[in-house]
Amino acid sequence: MTNRKVIENLITWCQADNLSLNDSRVKEILINFRNRGGVHATISIYGAEVERVESFTFIGIITNDLSWNNHVDVTAKKTNQHLYFLSKLRKLGTSPITLTNCYRCTIESMHNSEEWS
């Protein structure tokens, strides 16, 4: 079944159940590991063309080559920001218990929420 047919079936199903798609939030990502490229027709919903993207965030960052590089970069940047915050607190003489609580509330919770999102 082609992508176009899948989208048509989805729209029909939504209309039958009095649902609507938010066409401004729908994205298309092409994942193609073949050596030859090829031209892919654009998909439209309610007459609006669906935006084609190279990556998007859904349970981490997904790219069209299925690599984890972007996800790791973003996670490392967030972690470094929080570690900087903790190092400043430590230099101010914050107690180890408070530092541990801050760590658990920022870094651990950030990583745990990414695992379950």
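Is arginine 52 buried, exposed or partly exposed? Keep that in mind for a minute. What we have here is a predicted model.

I will start with the salt bridges. The structure holds 2 of them. In one, the side chains of lysine 27 and glutamate 51 meet, at 2.9 Å from N to O. Lysine 27 is in strand S1, residues 27–28, and glutamate 51 is in strand S4, residues 51–52, so this pair ties together parts that lie 24 residues apart in sequence. Lysine 27 is partly exposed, at 40% relative accessibility. Glutamate 51 is also partly exposed, at 44%.

There is also a salt bridge between the side chains of arginine 52 and glutamate 28, at 3.3 Å from N to O. Here arginine 52 sits in strand S4 and glutamate 28 in strand S1, so to speak of distance along the chain, they are 24 residues apart.

Back to the opening question. Arginine 52 has a relative accessible area of 37%, so it counts as partly exposed.

Next, the surface. Leu10, Trp13 and Leu19 make a nonpolar patch of about 300 Å². Tryptophan 13 belongs to helix H1, which covers residues 3–16. With a relative accessible area of 49%, tryptophan 13 is partly exposed; the cut-off for exposed is over 50%.

Last, the cysteines. A disulfide is a covalent bond between the sulfur atoms of two cysteines. A search of the whole structure finds 0 disulfides. For cysteine 102, the nearest cysteine sulfur belongs to cysteine 105 and is 6.7 Å away; a disulfide would need the two sulfurs within 2.5 Å. Cysteine 14 is buried, with a relative accessible area of 4%.

Terms used. Residues are numbered from 1 along each chain as its sequence is written. This is a predicted model: local features need pLDDT of at least 70, side-chain atom pairs count only at pLDDT 80 or more; totals for chains, interfaces and linings use all residues. Side-chain values use heavy atoms; hydrogens and water are left out. Buried means under 20% relative accessible area, exposed over 50%, partly exposed in between (1.4 Å probe, protein chains only). Patches are made of residues with over 30% relative accessible area and no salt bridge: like charges are joined within 9 Å, nonpolar side chains (Val, Leu, Ile, Met, Phe, Trp, Tyr) within 5 Å. Accessible areas come from the Shrake-Rupley method with a 1.4 Å probe; for residues, only the protein chains shown count as cover. A salt bridge is a side-chain nitrogen of Lys or Arg within 4 Å of a carboxyl oxygen of Asp or Glu. Helices (H or I, at least four residues) and strands (E, at least two) are DSSP runs, numbered from the N terminus.
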